[in-house]
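Morning, everyone. Let me put the model up, and then we'll walk through it.

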Amino acid sequence: MSEDKKIDEIDEKLDKTEDYEIIINLLYQKVDLLEEIIGKLKNQNKLASKEHKEKFNEFEAEIEKKGKIIDEMAGYIATLDIEEDICSKTENEHCDKMNFGECEDCIKEYFKNKVEE
């Protein structure tokens, strides 16, 4: 029998009796049942929290991995002779447009702007 049905059954008995001793015993039973339910809910909450933390850590690791991939791609593109075109299309104030080969930030900004368009 489920906890809800047990509680309903106790409530029905409480409604039907006027004997204080029986009422006290029924209330103790109800308290015990409610404590059991609370314990189960706490365990479920702990499990759900653990699952959420694991998912968050997985997503965080995936984002970090993708960030490293982007860094590698930007580094590779910076070694090609196309950074001059990319640098001229960004407005990165820290970029020295004449210092070719070190434009990873401009490359990232360029593609970020393309995605946002």
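Start with a pairing: which residue forms a salt bridge with Asp11? It's Lys30, with the closest N and O atoms 2.6 Å apart. By salt bridge I mean a side-chain nitrogen of Lys or Arg within 4 Å of a carboxyl oxygen of Asp or Glu.

Ground rules before we go on. This is a predicted model, so local features need pLDDT of at least 70, side-chain atom pairs count only at pLDDT 80 or more, and totals for chains, interfaces and linings use all residues. Residues are numbered from 1 along each chain as its sequence is written, and side-chain values use heavy atoms, with hydrogens and water left out.

Now the overall layout. The protein chain has four helices and zero strands. Both are DSSP runs, numbered from the N terminus: helices are H or I with at least four residues, strands are E with at least two. Read along the sequence, the pattern is α-α-α-α. The chain has 117 residues, and 17% of them are buried. Buried means under 20% relative accessible area, exposed means over 50%, and partly exposed is in between, using a 1.4 Å probe on protein chains only. Residues 24 or more positions apart account for 36% of them.

Next, the core. The largest nonpolar core has five residues: Ile7, Ile10, Leu14, Leu26 and Leu33. The definition is a set of buried Ala, Val, Leu, Ile, Met, Phe, Trp, Tyr and Cys residues joined through side-chain atoms within 4.5 Å. Two elements give two or more residues to this core: α1, residues 3-16, and α2, residues 20-79. The largest share, three residues, comes from α1.

Look at Ile10. Ile10 sits in helix α1. Is Ile10 buried or exposed? Ile10 is buried, because its relative accessible area is 5%. Leave aside its neighbours within four places in sequence, and Ile10 touches Leu26, Gln29, Lys30 and Leu33. Ile10 and Leu26 are 16 residues apart in sequence, yet 6.2 Å apart in space, C-alpha to C-alpha. Leu14 is another core member.

Side chains of opposite charge can pair when their charged atoms come close. How many salt bridges does the structure hold? Seven. Return to the Lys30 and Asp11 bridge. This pair links distant parts of the chain: Lys30 is in helix α2, Asp11 is in helix α1, and they are 19 residues apart. Lys30 counts as partly exposed because its relative accessibility is 21%. Asp11 is partly exposed too, at 25%.

Glu3 and Lys40 make another bridge, 2.4 Å from N to O. Glu3 is in helix α1 and Lys40 is in helix α2, 37 residues apart, so again distant parts of the chain are linked. Glu3 is partly exposed at 21% relative accessibility. Lys40 is partly exposed at 40%.

One more bridge joins Glu64 and Lys68, with the closest N and O atoms 3.5 Å apart. They are four residues apart in helix α2, so about one helical turn separates them. Glu64 is partly exposed, at 48% relative accessible area. Bridges that share partners also join Glu3, Glu36 and Lys40 into one network.

Last stop, the pocket. Rolling a probe the size of a water molecule over the atoms shows where empty space is left. Here a pocket is an open set of points on a 1 Å grid over the protein atoms alone, where a 1.4 Å probe fits, with protein on both sides within 12 Å along at least five of seven lines; lining residues have an atom within 4 Å of a point. The largest pocket holds about 150 Å³ of space, a volume being the space filled by probe spheres set on the points, which are joined across faces, edges and corners. Which residues line the largest pocket? Ile70, Met73, Ala74, Ile77, Ile107, Lys108, Phe111 and Lys112. The elements giving two or more residues to that lining are α2 and α4, residues 104-116.

Thanks, I'll stop there.

How values were computed. Contact means heavy atoms within 4.5 Å.
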